[in-house]
Amino acid sequence: MSQNSKKPKVVVFDLDYTLWPFWVDTHVTPPFKKISNKIVDTQGQTVKHYPDSPGILKKLHEDGYEIGIASRTSETKGANQLLELFGWNKYIKYKEIYPGAKTTHFSKIKKASGVDYKDMIFFDDEQRNITDLTKVGVLSILVRDGVTHKVIQDALTQFAS
């Protein structure tokens with residue numbers, strides 16, 4: 001990608017079914033803990049993220065993108081605990097994790113970052129969120145089966161054009 005290509009200033013991700021393959025408020029049981037190299041919930045069930053998620057966050061961070069999380073889960077504590085246990089907090093600058101419309105999450109990210117919606121890109125698995133954010137001018141990408149390196153690359157290419 002050439003230096004003068006248009007790039008988003010903030011890349012925002014949903015959590016459930018975007019960075020990990022479950023709903024943190026219904027499919028797993030917080031609190032979570034790390035046992036050897038595994039993260040488990042209270043029931044002893046192993047909790048995993050999508051395979052590409054850590055590499056995507058690391059690469060975007062290394063490439064100078066600011067990263068945000070916008071999740072409407074009611075399980076705020078559990079979601080934050082998983083971000084910590086997965087070691088992802090070092091990549092994330094903005095965190096908006098609470099129930100409600102994603103437009104609220106984004107207005108707070110916009111205020112905190114000083115970045116306009118047109119300079120953001122958003123990944124989510126729910127069409128209603130994609131629709132809401134597209135209306136305010138955020139390039140919003142519907143994710144099926146979690147983010148992958150290809151999904152990210154295609155989205156950055158789309159943003160640049």
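The model is predicted: local features need pLDDT of at least 70, side-chain atom pairs count only at pLDDT 80 or more, and totals for chains, interfaces and linings use all residues. Residues are numbered from 1 along each chain as its sequence is written, and side-chain values use heavy atoms, without hydrogens or water. Helices (H or I, at least four residues) and strands (E, at least two) are DSSP runs, numbered from the N terminus.

**Sheet**
- Five strands form an open sheet in the order S5-S4-S1-S6-S7, with parallel pairing (two strands pair if DSSP finds at least two bridges between them).
- Strand S5 (92–97) and S7 are the edges; each has a single partner strand, so one side of each lacks a neighbour in the sheet.
- Neighbouring strands here are turned by 20° against each other on average, direction ignored.
- Strand S4 (residues 66–71) runs parallel to S5, and five bridges join them.
- Glycine 68 has tyrosine 94 in S5 as its bridge partner.

**Helix H5**
- Ile152, Ala155, Leu156 and Phe159 are the buried residues of H5 (under 20% relative accessible area, 1.4 Å probe, protein chains only).
- They cover an arc of only 100° around the axis, which puts them on the same side of H5 (the arc is that of the directions from the helix axis to the C-beta atoms).
- These buried residues pack against strand S1 (10–13), helix H1 (53–62), strand S6 (120–124) and strand S7 (139–142) (contact means heavy atoms within 4.5 Å).

**Helix H1**
- H1 lies across S1 and S4, at about 165° to S1 (axes are lines fitted to C-alpha atoms, for helices over the stretch in contact; angles run from 0 to 180 degrees between N-to-C directions).

Conventions
Buried < 20%, exposed > 50% of the residue type's maximum accessible area, 1.4 Å probe, protein only.
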